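Please read them with the structure open.

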Amino acid sequence: MTLFLAACGGGQPTPTTGFTANSARFGDADPHDWDGRAPETYAVHGIDASRWQGQIDWPKAKANGVSFAFFKATEGGDLVDPVFDTYWRSAGRAGVPRGAYHYLLL
């Protein structure tokens with residue numbers, strides 16, 4: 001499953017609900033039923049991924065409009081996400097700009 005996030009876009013929101021074009025485009029098997037502005041109304045799309053997303057075809061993601069990716073690198077005080085290095089290298093080879101974050105546990 002590929003998870004995508006919407007980032008800032010321009011223009012006025014277009015309210016939509018239900019199955020979206022991007023759900024099929026990005027292979028979302030369980031799309032969210034949006035109550036307001038749906039992801040396809042934004043100009044920029046990205047992926048937030050960790051080990052839970054499984055294998056991602058980065059060239060295909062880029063070809064389908066993914067503009068950036070953020071990866072969970074670490075969690076808590078001692079966990080390194082086991083797929084971080086793979087995602088980092090693979091997205092980079094595909095030309096997807098990327099960043100990393102630490103998942104804080106309180």
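1. Helices, as the word is used here, are DSSP runs of H or I with at least four residues, and they are numbered from the N terminus. Ala61 belongs to one of these, helix H2. The model is a predicted one, and the remarks below should be read with that in mind.

2. Overall layout. The protein chain contains three helices and five strands. Followed along the sequence, these elements give the pattern β-α-β-α-β-β-α-β. The protein chain has 106 residues, of which 32% are buried. Its exposed surface comes to about 6500 Å², with 56% supplied by carbon and sulfur atoms. Among contacts with a separation of 6 or more, 57% are between residues 24 or more positions apart.

3. Strand S3 (66-75) and its partners. S3 is largely enclosed by the rest of the structure, because seven of its ten residues are buried. S3 pairs with S2 (45-49) in the parallel sense, over five bridges. In this pairing His45 stands opposite Val66 of S3. S3 also runs parallel to S5 (98-103), and six bridges join S3 to S5. There, Glu75 is placed opposite Tyr103 of S5.

4. The hairpin. S3 and S4 (residues 79-80) run antiparallel and are joined by two bridges. Thr74 stands opposite Val80 in S4. Three residues lie between the strands of this hairpin, and Gly76 has a positive phi near 60°.

5. What is the handedness of the β-α-β unit made by S2, H2 and S3? The unit is right-handed. S2 is itself largely enclosed by the rest of the structure, since four of its five residues are buried. Between H2 and S3 there is a loop that holds Gly65. Gly65 has a relative accessible area of 23% and is therefore partly exposed, the limit for buried being under 20%.

6. The nonpolar core. Which residues have the most contacts inside the largest nonpolar core? They are Ile47, Trp58, Phe71 and Val96, in a core of 14 residues. S2, H2, S3 and helix H3 (84-93) each supply at least two residues of the core. S3 gives the most, with four residues. As a general matter, nonpolar side chains in soluble globular proteins tend to be buried together.

7. Ala61. Is Ala61 buried or exposed? Ala61 has a relative accessible area of 8%, so it counts as buried. Along the chain, Ala61 and Val96 are 35 residues apart, and their C-alpha atoms are separated by 8.8 Å. Val96 is one of the residues with the most contacts inside the largest nonpolar core.

8. Ser50. This residue sits in the loop between strand S2 and helix H2 (58-63). Why does Ser50 count as buried? Its relative accessibility is 8%, and the cut-off for buried is under 20%. Leaving out residues up to four places away in sequence, Ser50 touches Lys72, Asp81, Val83 and Tyr87.

9. Charged pair. How many salt bridges does the count come to? The count comes to one. Lys72 forms a salt bridge with Glu75, and their closest N and O atoms are 2.4 Å apart. Lys72 and Glu75 are both buried.

10. Leu104 lies in the segment after S5. With a relative accessible area of 57%, Leu104 is exposed, as exposed means over 50%. The C-alpha atoms of Leu104 and Gly77 are separated by 8.4 Å, and the two residues are 27 residues apart along the chain.

Conventions. Residues are numbered from 1 along each chain as its sequence is written. This is a predicted model: local features need pLDDT of at least 70, side-chain atom pairs count only at pLDDT 80 or more; totals for chains, interfaces and linings use all residues. Side-chain values use heavy atoms; hydrogens and water are left out. Buried means under 20% relative accessible area, exposed over 50%, partly exposed in between (1.4 Å probe, protein chains only). Contact means heavy atoms within 4.5 Å. Accessible areas come from the Shrake-Rupley method with a 1.4 Å probe; for residues, only the protein chains shown count as cover. A nonpolar core is a set of buried Ala, Val, Leu, Ile, Met, Phe, Trp, Tyr and Cys residues joined through side-chain atoms within 4.5 Å. A salt bridge is a side-chain nitrogen of Lys or Arg within 4 Å of a carboxyl oxygen of Asp or Glu. Two strands pair if DSSP finds at least two bridges between them. A crossover is right-handed if, with the strands pointing away from the viewer, the path from the first strand over the helix to the second runs clockwise.
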